[in-house]
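Colleague: I have a few questions about this model. Could we go through it together?

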Amino acid sequence: MTPPLRYSKERIQFGKPIGQFQLQQKKLSEMITEITKAQLLTWRLGVLRNEDRATTAQISMAKRNNVDMAIKIAREARQMLGGMGISGEYSIMRHSMNLESVITYEGTHDIHLLITGFDITGLNAFK
Ligand SMILES: Cc1cc2nc3c(=O)[nH]c(=O)nc-3n(C[C@H](O)[C@H](O)[C@H](O)COP(=O)(O)OP(=O)(O)OC[C@H]3O[C@@H](n4cnc5c(N)ncnc54)[C@H](O)[C@@H]3O)c2cc1C
């Protein structure tokens, strides 16, 4: 069970687990939706790669989208843990910091965007 899900079931506020409040369920629902979408993007890319048809622009799009999604979810997950989210007891801050480096290496977030822009327009905006 992921840390925010586990915490939402364990943490009691106003006599019930916070996971029973609508806002917590909205966050968890949106997280699983975005993760599923990112997995589909990766799956499609994998199929294209196996067929030797994946382009560098498609790889850029997938890397940029999925790291961005992961950082946003990690940030939301940290908030769901309240004050515990910044303690070492849960790994979410370490995970967030790891993602802050992933958004820069293997092509920065901005440069991948420009690669997608180039792919669409044929016009080079990065030099
Ligand atoms: C944890 C970590 C591990 C790494 N591991 C490796 C590794 O194993 N091998 C390796 O070779 N490198 C590695 N790097 C380096 C990484 O690839 C570079 O940091 C990254 O490519 C950005 O280059 P830079 O740091 O020189 O940023 P800069 O080029 O100084 O860019 C700074 C900012 O400006 C933006 N920018 C730059 N040029 C343009 C432009 N033309 N148009 C618009 N925006 C622009 C960038 O997107 C970025 O946001 C790693 C970096 C990190 C953080």
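Modeller: The residues of the shell around the ligand divide into 4 nonpolar, 3 polar and 1 charged. Here Ala, Val, Leu, Ile, Met, Phe, Trp, Tyr, Cys and Pro count as nonpolar, Asp, Glu, Lys and Arg as charged, and the others, Gly among them, as polar. This is a predicted model, in which local features need pLDDT of at least 70, side-chain atom pairs count only at pLDDT 80 or more, and totals for chains, interfaces and linings use all residues. Residues are numbered from 1 along each chain as its sequence is written, and side-chain values use heavy atoms, with hydrogens and water left out.

Colleague: Which residues surround the ligand?

Modeller: They are S101, T104, Y105, T108, D110, I111, L114 and F126, each with a heavy atom within 4 Å of the ligand.

Colleague: What lies 2.6 Å from an oxygen atom of the ligand?

Modeller: That is an N or O atom in the side chain of T108.

Colleague: Changing topic, where is S96 found?

Modeller: S96 belongs to helix α4, residues 92-102; helices are DSSP runs (H or I, at least four residues), numbered from the N terminus.

Colleague: Is S96 buried or exposed?

Modeller: S96 counts as buried because its relative accessibility is 12%, and buried means under 20% relative accessible area (1.4 Å probe, protein chains only).

Colleague: And what is S96 in contact with?

Modeller: Leaving aside neighbours within four places in sequence, S96 contacts A74 and R75, contact meaning heavy atoms within 4.5 Å. A74 is itself among the buried residues of α3.

Technical notes:
Helices (H or I, at least four residues) and strands (E, at least two) are DSSP runs, numbered from the N terminus. Buried means under 20% relative accessible area, exposed over 50%, partly exposed in between (1.4 Å probe, protein chains only). A polar contact is a pair of N or O atoms within 3.5 Å; within protein, one must be able to donate a hydrogen and the other to accept it, and residues adjacent in sequence count only if both atoms are side-chain atoms.
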